[in-house]
Structures are given as structure tokens and as C-alpha cells.
Amino acid sequence: MKKVVLFLVCFALSLSVFAQPADRTLSKIPLNTPIMVSFNFSHFLSKVSTEQIKSYEMVQYGFSAMKKSAGKDSTILNKLYSKPKAYGLEVLPSAVLFVSYDTTLSTRKMISSPLVGLSVPLSSGKKFEKLLIQTMKEKYLDFVEKRDGYKVYVNRDFGIAWDKKNLVLIGGSKKTIDRDITKVMTLPASGSVLSNLDVKKAITHKGDICSGIDVKPLMEIFQKVMKEEMGKSTEKSSFNFLDFYDYSGGASFGVFDFANGAIELKSESVIDAKQKEFITKMAKETVNNKFLNYLPDGGVYGGLSVASNVSIMKEYFDTEGKGVYDSIMVYAKKEGVKKLVKKDSAILALKEGYWDDSTTWDQRKAIDEKVEKKSEELFEENLAKMDEKVDSTLAEYGLTLDNAWGIFKGDLLVAMTGTKEIIDTFKTYDYIENEEGEYEYLEVEKTKLQKIPAFRSFMTLTNKTVFQTVLDSLVSKKKLVKSDDGQYKLDVPQLNLSLAVKGNVLCFSNDVEFMENYFLKGRKVEAALTGEAKDLLFNYNSSMFIDIASITDLLGEDAKKGPMAMFTEMANNNFSKIIMTSKVTGEKSYGVFKLGMKSERNSFLQLMDLANETFLKFSGKRF
Amino acid sequence: MQKSLILILICLSTFFLTGCFELLEVVNLNETGGGSAKIVLNMSRSKAIVKEYMQRDSVQGVKVPTPKSIIDGLEYAKVLLQKEDGIHNADYSLDLENYIATFTADFDSVQALNSAYNVLLQKKPVLKDLFVYEFEEGGFSRTINETVLGKLAPYYTMLTLYGIQDAKFTTIVRSEKVVEEASGNSRISTSGKSLVEVKNIKQLIDKQSTQLKLIFR
């Protein structure tokens, strides 16, 4: 009995160890690998069985197609399909895909030759070798090399290496593949990600797919690439990315799960030490609670909220973040000027006759050179004048770069609160036979009703005076029309877009009834928003949700029309809602993405149902 | 002046960007193969969007023509056609409330009609012979050139985002001769002297029923 109990305990322990990547799998991943993704088969298979997956016609068809192309090797494929363990492949635990870069190389070489590997545990290296011999036959002896403690097979820019317990597949440059394989197979424990507990913890989170990011090496790579991308602007601002960030510890991760009733993605990111103060201050912000006065309970079908604070942002950009701000501004100016110059260059090319059919290839080449030279001159000219241009554009609206920062607090809430009908009158033709029995056309007027979403959006104003100046400028430029009740309307027929200010709340909406009877009168809705929708919109740093089922109900027949009808129908039949949130708590930032499914059945199976149905519809394949 | 012609084409392409429109072609044929032709471009279904676009300088990089420039372009087209042999009484009308443009002309022969069309589009050789009319004792045909359609194919995918495939193209042909037979899904009237064919632009994009052919009794 003691032995039976001991065996059961060991067996249970072995299962839990193998639910996430085992140490031996991680032992083949070099330290400072920035990106890793683990595929946790046992976690997935605890919810979905292989028999369920194999029952789908498209899976059977796919395997059948593979068998046909495998020819003589199809028996091996059959066995692999039904009993992978027979060939030593330990599918139940996790396999880890990783991408590593050699930062000692130049940027171009670094980016063009990453080390991409897949580390897979083996239940038996011998069994795996047997599979290889059966597949490669006489080529096995020619191409497989025995090294100290492991064997290797390299085919130009792809290689596999294995020992008793591990298999690693490596892709990369043919110049470095051999070196990379040697590196990975002879890693000491101190040279692998096992020695970084934060990274190990990140990649071994429970979930179907887990991605772990070692942030510091990733930032080093990013720094190198950014320096080259931003070119001169980086030099001018003396901007050093690593001076700006401090990811001395910690790893971020994301966990993807095919849960029952939903597909979920959760992430946890490390906040770097240097930005912590700024991020912590911003994290305390929420959207203005006054917005709740205008959101009816049970009447919000989708929403988006962002809670930030512009003054905190400005304070940051004036101090620790000055380097980043300057670099961004220089980069943005350059991109803006490039676009202007591109437009002018296109016009110049047109004037020179580049696009005329009679222009020869040599003439086009000459025009290209002329335009390029002129573009360079235009670029320098416009860049020098860019600051002046920005200032004068802002001045047209009564703004300066300084006071523009102070108009809004930085929060935003957009809510879809129903639908409204647009009546569209248009002229068309009826084709009738006249008295002589001949066809003629009659111009007739017809109407069509169309439902569009009704929305209300809100922001908090911190400087009403400056904002009023902007509104007055827009009115004088005829971009807005001011009405007697205090609304400012956009002249877009039928859409009824307008904005208004009440207290320090700015509202922009297409719901005329709401604007005139509630917002402008300072009247609150009868019952304010509660429940999940309120929690999502008011308790996160940023969030978005869409109640797919309710929206398609609201839109009714209109949802089934037009070019998007197919997608709307698919969405309505399969998905119930989408939720995205982000929140900073303590030293970490948490993100959630959730795609709710219509039924509580496992979401992977529901997606497979959909894909299989589509496959059967379009192929008619049955066997 | 030629710039105005380009402006008409830009105007048309801007209209295409709005997606839902109707194109009506009316051909009246006499016994000798001459007659009159009318083209109507009706943007009324999209007038809200067109009105919005007309208030801007450009849309998606394409300069939006002003009403004056559209009228200038139409005037220029009228002048061009009136100089063409075999073309008479070229005229146009423009409804800027509903965004409907109509162009009419009389022609002595279908060859004159073909030639007039190509003259209007001489700055855009890719569109040469897009519409080709033929007439003989026993029949009449209007062919939309599939090779030219093929050259325009790259634009269609983009334009389907704007619903161009729902736009309608209708042809009415009236003839002094009785029509015995007509191709495709055209309907012959009770008198036998006219027919109407309605199709949507998607059918043309898919190169379906690009030829309308009539056989006279």
C-alpha cells in the first residue's frame, strides 16, 4: 500500500512539474534571451482532448493531405499522429520557442541573424533517434554528427540537436548555425535562463501559451535599433534610451488561455525604476465621476475610457522625460516635413511629365534625379521653418504650445448608448414602358432608413477660457456652427454631431435628444450606470468593452446588410463580448484581453467548430 | 482647358471613392445607325458624403474639384465634342443639390460616337476604347473592353471598401428597327423597339455581360 501511495504521489508530482516548462527545457535557452514563448500542452489538454481535435473533418483532411505528400514515410506519420510518445516525443509537457540576438554584432547583422530555437523535452533520446534513422535512412550516417554528449544534424540554416532528454531545433544564418547549436547544447546552468529566477517565473506561468520577456536585454536591442532609426535626431537631443530606462530586474509575461466560455490574454509588465514615480502618479488617475451622470444603467453597449493627467505628463516631459520628449518632437517634425516634401515631389514629377506615356525610361531616370535633389532642398528648407509653421498654425486657433497642454485634464470616456435612424432621401430611376411600348426612365425620389450607433463622449476641461478661444476660431473658420442653446454643431448632414460644455465637462455626441434634454440642461439620467460596465469604465487606467450580442440586437436587420454583414453575423453567432483593461498596481502593470464566447464550452473547441464549419462549407470534403 | 478635362476625371474618381452611384446610358438609334446618346452619373445616394467631401481640399490625396471647376470641365468637354466630325448638339446639365450630371450629344454614326469618346479621354490612354459601339444592318452592340477593365482591376479591391460593387449601371436602347433578340438579361419592351439592361458594377468587374448585343428583325 505504501508503495502504491508513493507511486501515486510521484506520478501526481511529475504531472504538475510537467504542466509548465520543465527545467531541462529551459536549460537550453541562453541567458538574456529577450523573447520566449512556451506552449503548455498538458494545461491545454486538461481541457481539450486530442480525440476531440482529431474528430474534426478539417484536421482529418489536413493529416490525410500530409500523409499523401509523405509517401513512403506515411506510416511513420500515422504513428506520430496517434502515438507521439512511441518516438520519444514528450508532448505533454511544454515546448519553448525562443528568439535571441547577439548584441555584439552591428545592428543590421544582429537583426538579420537572430537565434531562433525550439526546445522540446524528450522522454527518450534513443526512441527519437530511432525515428530519425527511419526517416533519414542512409543519409543518417552521412549527416548526423556525434559530439560530446549530444548529436547534431545541420542542413544549411536549420539544425537539430539532441541528447538523452532534450531536443532543440535551431534556425538562423548558415554562417552561425553551428556555433549557435554548440552554444545551446553546452550551456551551463549559470548561462541559461534557469539562473534568472524572474525570467523563469515569467515563462512558467500557468496557461496554454505563455510568453516571457526579459525586459533588460530587449531594451538593449531596442536601444540599438532606435539609435539607428532616429539617426541625427538622437544625436541632437543626446538621447540615450538606456539612460532613460532602468530594467535592472524583473521580467514581463503574457498568458494566453483557451478558457471555457472565453479566450483570455493576461499580461503583467515590470515598471522600470526610473519611470516608477511618473507611472505611479498617473496610475492614480481615474476618469471624472461626473460622467456617470450621463450614462444610463443598462443603456451602455460599448465603451472606452482612458484616465490620464496631462499636467503630470507635462511635468514629466519638462524634467526626467525631457530627452524622450525632445527626440519625439524632432522625429515627429522630420516625419511631418517628409510627408510635405513627398507631396510636393509628386506634384513636381507630374509637372515634369514623369507619368506621360511618351516619357522614356532614361527621361524618367533624369526626372527622378532632379526631383530627389529638389526634395533634399525642400526638406532642409521646411525643417528650418517647421517650428514657425507649428506656432502659426496653433496661433490661428488662439493657442500656443504651452497653453495647449493645459486645456484638457487628460481623461476620455466614449460610450455607445443605442442607435439612431438616419433618413436618407435620394433620387433614382424607375424604368417603365410608355404608351408607345418603349422603355424610358423616370426620375423618382426615394428614402431609406439606416441605423447608426448613437454615442456620447466626455472629457474634463482644465482651461475653459483657452478652449472657448479655440471654439470661437473654429466658428469663424466655419468649421463649427454655434446654436443659441450653446451647442457647437459640425456641418455634416444627418449625423447631428455636436459638442457642448457644461461646468468643466466637454461632451461630444451625435445624440440630439440627449444633448438638448439632458446635457445642456444639466439633467442627470434617471438611473446611472452600474455593474460590470461601470466597473470597466471607471476603475481602470484604460479600458474598452463591446457587448457584441446587445449591439447586433440593437442594429437588427441593418447589421445583416452591407459589406460587413458576413463578419457581423459571424461575430454575433460566436462571440458575446470583448473586454480590454489595463491597470497599474504597485510596481506592476496588468493588462487583460478577454473575448467572450456565446457558450460556456471550451473556447478552442468553439473556434474549431467555426473553422470546421467554414471548411466544410467551402470544400465539401468528407471522408 | 485640358487641365479641366483631368479635373473631370479626378471628379469622377472622387465620386467613385464614395461607392454608391448609378450610371445610366441611353442610346436612341435611327435606321441608318445614327442617333443620340445620353450619359447620366447620379451620385444622389451618396450625396451626404459627397457634400462633405466637396467642402475639403482633398480626399485621400486626391484634390477635390470645386463646382466651378466641374462646370469648366463639362463646358470644355462640350466644346471638344462640338468640334468632332459627326457629333452635334453636345450639351450637359448639372444638379449640384443631388449631384447628378447629364451629358447628351447627337451622332451621325457609331464610329463618330466611338471617336468622340476617345477624344474626351485622350489624356488617359489607358481608358481608350473602354466603350465600343458597333452598328450594321442586322444589329447593334455596345462592348465594354475587358482588356481595359483588366487594367483598372487594381483599383477595384480598394473601391469595394466604399461599396462600389453595389453601384448600378443601366442601359436603355431605343431603336427605329424592331429588336428580334438581345443578349444577357436585358428586357425587350412590348413594342420591340427598346430594351433595358440593369446590372451592378460588380458584374462588370467580374467581366460578366460586358457586351450588349441586339439583333434586328
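Me: Which residue does B:Val173 stand opposite in E12(B)?
Reply: In this predicted model, B:Val173 stands opposite B:Leu195 in E12(B), and the two strands concerned, E9 (residues 168–175) and E12 (residues 194–200) of chain B, pair in the antiparallel sense over seven bridges. Two strands are said to pair if DSSP finds at least two bridges between them, and the strands (E, at least two residues) and helices (H or I, at least four) are DSSP runs numbered from the N terminus.

Me: Before going on, what are the ground rules for numbering and confidence?
Reply: Residues are numbered from 1 along each chain as its sequence is written, while chains are lettered from A and ligands numbered from 1 in the order in which they are written. Because the model is predicted, local features need pLDDT of at least 70 and side-chain atom pairs count only at pLDDT 80 or more, whereas totals for chains, interfaces and linings use all residues, and side-chain values use heavy atoms, with hydrogens and water left out.

Me: Back to chain B, what is the strand order of the open sheet?
Reply: The order of its seven strands is E5-E6-E2-E1-E9-E12-E11, with mixed pairing. Strand E5 (87–95) and strand E11 (187–188) of chain B stand at the edges with a single partner strand each, so one side of each has no neighbour in the sheet.

Me: And in chain A, which strands does E19(A) join?
Reply: Strand E19 (residues 575–585) runs antiparallel to strand E18 (residues 542–547), joined by six bridges, and A:Ser543 stands opposite A:Thr581 there. E19(A) is also joined by 10 bridges to strand E20 (residues 588–597), again antiparallel, with A:Gly596 in E20(A) as the bridge partner of A:Lys577.

Me: What about the turn of that E19(A) and E20(A) hairpin?
Reply: Two residues lie between the strands of this hairpin, and A:Gly586 takes a positive phi near 65°.

Me: Switching to charges, how many salt bridges are there over all chains?
Reply: There are 38 in the structure, a salt bridge being a side-chain nitrogen of Lys or Arg within 4 Å of a carboxyl oxygen of Asp or Glu. One of them is between A:Lys151 and A:Glu129, at 2.6 Å from N to O, and this pair links distant parts of the chain, since A:Lys151 is in strand E5 (residues 150–155) and A:Glu129 in helix H8 (residues 125–136) of chain A, 22 residues apart.

Me: Is A:Glu129 buried or exposed?
Reply: A:Glu129 counts as buried because its relative accessibility is 17%, whereas A:Lys151 is partly exposed at 21%; buried means under 20% relative accessible area, exposed over 50% and partly exposed in between (1.4 Å probe, protein chains only).

Me: How far apart are A:Lys281 and A:Glu277 in their helix?
Reply: They are four residues apart in helix H14 (residues 276–283) of chain A, so about one helical turn separates them, and their side chains meet in a salt bridge of 3.9 Å, N to O.

Me: Which residues make up the positive patch on the surface?
Reply: A:Arg108, A:Lys109, A:Arg156, A:Lys174 and A:Lys175 gather there. A patch is made of residues with over 30% relative accessible area and no salt bridge, with like charges joined within 9 Å and nonpolar side chains (Val, Leu, Ile, Met, Phe, Trp, Tyr) within 5 Å. A:Lys174 lies in the loop between strand E7 (166–171) and helix H10 (177–185) of chain A, and counts as exposed because its relative accessibility is 60%.

Methods. Areas by Shrake-Rupley, 256 points an atom, 1.4 Å probe, with all protein chains shown as cover. Lys, Arg positive; Asp, Glu negative; His and termini not counted. Charge placed at Lys NZ, Arg CZ, Asp CG, Glu CD.
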